[in-house]
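Here is a short report on one protein chain.

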Amino acid sequence: MAAAECRTPEPDTTADDNSIHVSLIDAIQNFTDLDISLNKLERFLRVLGFCQYSIFSTALSWLAFVVLSIVVPLLVTYFGYCTNCELYQINDFELEVLVCQSVATAISLLCISHNLRKYRIRKLLFVDRYHGQLTQFSELYLKKIQVFYYVVVSWMAIFFLMKIAREVTRSVYLYNGSIWWSIGIVVASLVSWAYSTIIFLVGTALFHLVGNLQVIHFEHFGELLEMAMDVSVYINEHMRLTYYVCKISHRFRMFLLLEYLIVTVSQCIVLLQTTTNQGIINFVNAGDFAVISIVQLVGLLICLNAAAKISHRAQGLGSVASRWHALVTCNSNDASVSEFSSDGRNVETPKTVGQLSVNYSEGDLESADCMPPPTNIQVTSTMSSYHKRQAFVAYVQSNPGGFSIYGWMVDRLLITTLFFVEMTLVTFILGMTLTIKVR
């Protein structure tokens with residue numbers, strides 16, 4: 001009895017076991033939710049014809065493109081409305097709109113399907129389970145995927161309402177006596193336009209999703225600096241981030257460049273047709289010019305927003321690292337900067353640093369070289385912790401990274417340049433056409 005009373009009580013590990021069990025359940029649930037969401041996203045892309053994983057799926061996808069984006073609009077243009085078509089030049093205008101819309105759709109389908117066929121959905125979005133960060137970021141990944149659907153659905157709804165208004169107005173104005181024939185033409189035109197528009201919009205939204213998923217890691221970098229790890233860990237993480245951004249640039253640079261060129265050409269054609277035409281220009285015959293212009297400009301802005309966001313987050317890491325270095329240095333003992341143990345190791349133990357709020361509003365620097373992160377790094381330097389941090393800050397500031405197109409960094413400076421290039425083209429075309437009209 002006495003022995004039982006004097007026995008040392010064993011530590012109660014029930015609470016720790018329960019917490020570990022709950023965390024494991026949450027991790028498994030996050031994995032399951034993310035897998036389900038990625039599978040749904042892949043099925044959604046497969047339905048639209050982006051997942052061209054076999055010869056059959058590739059042939060079916062491009063057959064659907066030819067039928068819905070080219071054949072059906074041509075049939076609607078030539079056989080849909082006969083009354084007053086010659087007078088109002090409806091056929092000529094719609095052929096030009098059809099060419100611009102089909103080319104933009106083909107670029108989106110070709111570039112996105114090529115990337116999906118080569119990398120599949122997980123590697124394309126950089127959410128592969130072998131990267132070891134699914135547990136930490138799975139919840140944020142799910143939110144960004146939901147944003148992808150929100151962007152597609154919201155903009156598609158707005159564009160579809162605009163197209164319906166245009167088609168109904170034209171069918172009423174050019175009514176040829178058969179209501180069922182007019183309804184059939186309107187439905188065929190809407191189905192064809194909806195297919196081309198959603199292919200173009202989903203391509204731009206998918207690139208926007210890739211950018212948003214990488215922004216999660218850039219925003220996490222400030223939190224990583226608060227964990228008082230070795231400087232080599234921070235260098236490895238920064239090299240990994242810049243390497244992934246470089247890979248994104250290589251995968252999507254042709255897509256972004258071609259979309260920008262086709263949008264620019266489309267806007268120039270619209271401006272030329274509306275300013276040099278001597279006939280009647282109204283919502284009936286030139287309404288599709290307004291619709292396609294808005295659709296393509298929104299898609300281009302979505303892409304530029306994602307590319308610029310990646311660049312600004314990458315460039316902002318220099319200021320985050322500098323602020324972290326300053327805070328750690330100021331909160332450390334002055335004497336500890338030069339103190340080393342007998343075996344040469346630094347014995348400095350910095351104090352806990354406060355929250356590092358990340359500010360990405362400034363900094364337009366040049367791109368870093370695309371180098372893969374090394375797998376093994378052995379730090380054998382005997383420098384002080386201060387000098388290590390100083391070297392890390394210098395490295396981050398000299399290698400900002402960011403999304404680039406053949407060396408051109410997509411940031412505020414490039415977007416401003418593109419804006420003035422577009423304004424120059426507009427003023428040049430207006431000067432030429434208005435001068436011709438006056439003469």
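## One residue, then the chain

Ser-37 sits in helix H2, which runs over residues 14–48. The model is predicted. Is Ser-37 buried or exposed? Its relative accessible area is 10%, under the 20% cut-off, so Ser-37 counts as buried. Leaving aside residues up to four places away in sequence, Ser-37 touches Leu-142, Ile-145 and Tyr-149.

**The chain as a whole.** The protein chain holds eleven helices and two strands. Their order along the sequence is α-α-α-α-α-α-α-α-α-α-β-β-α. The chain has 439 residues, and 46% of them count as buried. Take the contacts between residues at least 6 apart in sequence: 87% of these join residues at least 24 apart. The accessible surface of the chain is about 22900 Å². Carbon and sulfur atoms account for 65% of that surface.

| Helix | Residues | Number of residues | Expected span | End-to-end C-alpha distance |
|---|---|---|---|---|
| H7 | 179–224 | 46 residues | 68 Å | 65 Å |

For H7, the computed reach is close to the expected one. The buried residues of H10 are Ser-385, Lys-388, Arg-389, Phe-392, Val-393 and Val-396. Viewed down the axis of H10, these buried residues fall within an arc of 135°, so they line one face of the helix.

How much of H7 is buried? The count is 36 of its 46 residues, so H7 is largely enclosed by the rest of the structure.

**A nonpolar patch.** The surface carries a nonpolar patch made of Phe-56, Leu-60, Leu-63, Val-66, Val-67, Ile-70, Val-71, Leu-75, Tyr-78, Phe-79 and Trp-181. Together these residues have about 1100 Å² of accessible area. Which helix gives the largest share of the patch? Helix H3, residues 55–79, supplies ten residues.

Tyr-78 is one of the patch residues, and its place is in H3. The relative accessibility of Tyr-78 is 49%. Exposed would require over 50%, so Tyr-78 counts as partly exposed.

Notes:
Residues are numbered from 1 along each chain as its sequence is written. This is a predicted model: local features need pLDDT of at least 70, side-chain atom pairs count only at pLDDT 80 or more; totals for chains, interfaces and linings use all residues. Side-chain values use heavy atoms; hydrogens and water are left out. Buried means under 20% relative accessible area, exposed over 50%, partly exposed in between (1.4 Å probe, protein chains only). Helices (H or I, at least four residues) and strands (E, at least two) are DSSP runs, numbered from the N terminus. The arc is that of the directions from the helix axis to the C-beta atoms. Patches are made of residues with over 30% relative accessible area and no salt bridge: like charges are joined within 9 Å, nonpolar side chains (Val, Leu, Ile, Met, Phe, Trp, Tyr) within 5 Å. Accessible areas come from the Shrake-Rupley method with a 1.4 Å probe; for residues, only the protein chains shown count as cover. A salt bridge is a side-chain nitrogen of Lys or Arg within 4 Å of a carboxyl oxygen of Asp or Glu. Contact means heavy atoms within 4.5 Å. The expected span of a helix is 1.5 Å times one less than its number of residues.
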